[in-house]
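Biologist: I am new to this structure and would like a close look at a single part of it. Please take the charged pairs that involve one of its helices, and then go on to the others.

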Amino acid sequence: MTVFVLVHGAFRGAWSWSRVRRLLTAAGHEAHTPSLTGMGDRRHLTAEPPSLDTWALDVANLLTEEDLHDVVLAGHSQGGIAIAAAAPRCAGRLARLVFVDAPEPLPGERAAALLGPVPDLPRDLWLQPKPLQAGAGLDEDTAAWMNARLCPTPLAPSLDPMPAHTAASASVPRTHIFCTATPPGYPAAVTRARLDAAGTPYHLIDSDHDAPMTHPADLAALLTGR
């Protein structure tokens with residue numbers, strides 16, 4: 001049995017991992033799918049825009065409060081910055097970090113700047129979601145279900161620099177999974193290019209960017225090493 005903590009991406013919440021979570025629990029694993037502050041079922045917490053540190057605490061505090069150990073901590077898309085920022089706070093509880101079509105900024109980097117210079121934007125800005133269209137693996141019923149749940153995403157966490165690694169968090173094994181049909185211009189492409197340059201292997205999944213919803217079985221198989 002493996003303990004998984006699965007963190008969602010931008011405009012989404014815990015619901016975006018629901019199909020993968022059911023598959024993992026049916027296979028005998030333990031799976032937690034928290035919503036980050038201001039997102040999903042916590043979308044009402046918007047009085048102050050969350051920082052990257054807030055999101056790191058959302059994740060790290062869950063591991064502490066639930067007393068979870070040997071955790072496979074996975075982040076999809078923008079969730080990658082949350083798990084990377086959380087790792088220094090809870091490294092002793094982690095077995096592996098998994099970045100699912102997600103960037104892994106280096107210490108001191110800001111996620112918003114991975115693709116180029118960032119204009120001077122207010123920290124209290126919330127980005128509005130664009131409705132998803134069926135196609136590229138996303139059927140009409142799933143697109144409608146997701147569109148009913150999409151929510152604004154705070155910009156502030158992507159403007160904050162990634163914290164420095166501790167010796168323990170730097171040593172946590174990493175796995176990277178990339179989706180083959182993700183459109184160009186996503187920050188995950190920067191991390192993929194860095195892995196290519198270093199000759200570091202990674203996994204590909206024949207999927208659009210929303211693999212947790214559109215290809216849950218394939219993703220669950222990769223997460224469990226099957």
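Modeller: Asp58 counts as buried, at 15% relative accessibility, where buried means under 20% relative accessible area, exposed over 50% and partly exposed in between, with a 1.4 Å probe and protein chains only. This is a predicted model, in which local features need pLDDT of at least 70 and side-chain atom pairs count only at pLDDT 80 or more, while totals for chains, interfaces and linings use all residues. Residues are numbered from 1 along each chain as its sequence is written, and side-chain values use heavy atoms, with hydrogens and water left out.

Asp58 forms a salt bridge with Arg42, their closest N and O atoms being 3.2 Å apart; the term stands for a side-chain nitrogen of Lys or Arg within 4 Å of a carboxyl oxygen of Asp or Glu. Asp58 sits in helix α2, whereas Arg42 is in the loop between β2 (30-32) and α2, 16 residues apart; helices (H or I, at least four residues) and strands (E, at least two) are DSSP runs numbered from the N terminus. Arg42 is partly exposed, with a relative accessible area of 26%.

By this rule there are seven salt bridges, and another of them joins Arg93 to Asp67, with the closest N and O atoms 3.2 Å apart. Arg93 lies in the loop between α3 and β4 and Asp67 in the loop between α2 and β3, so this pair ties together parts 26 residues apart in sequence. Arg93 is buried, at a relative accessible area of 19%.

A further salt bridge is formed by the side chains of Asp210 and Arg12 (2.9 Å, N to O), and both Asp210 and Arg12 are buried.
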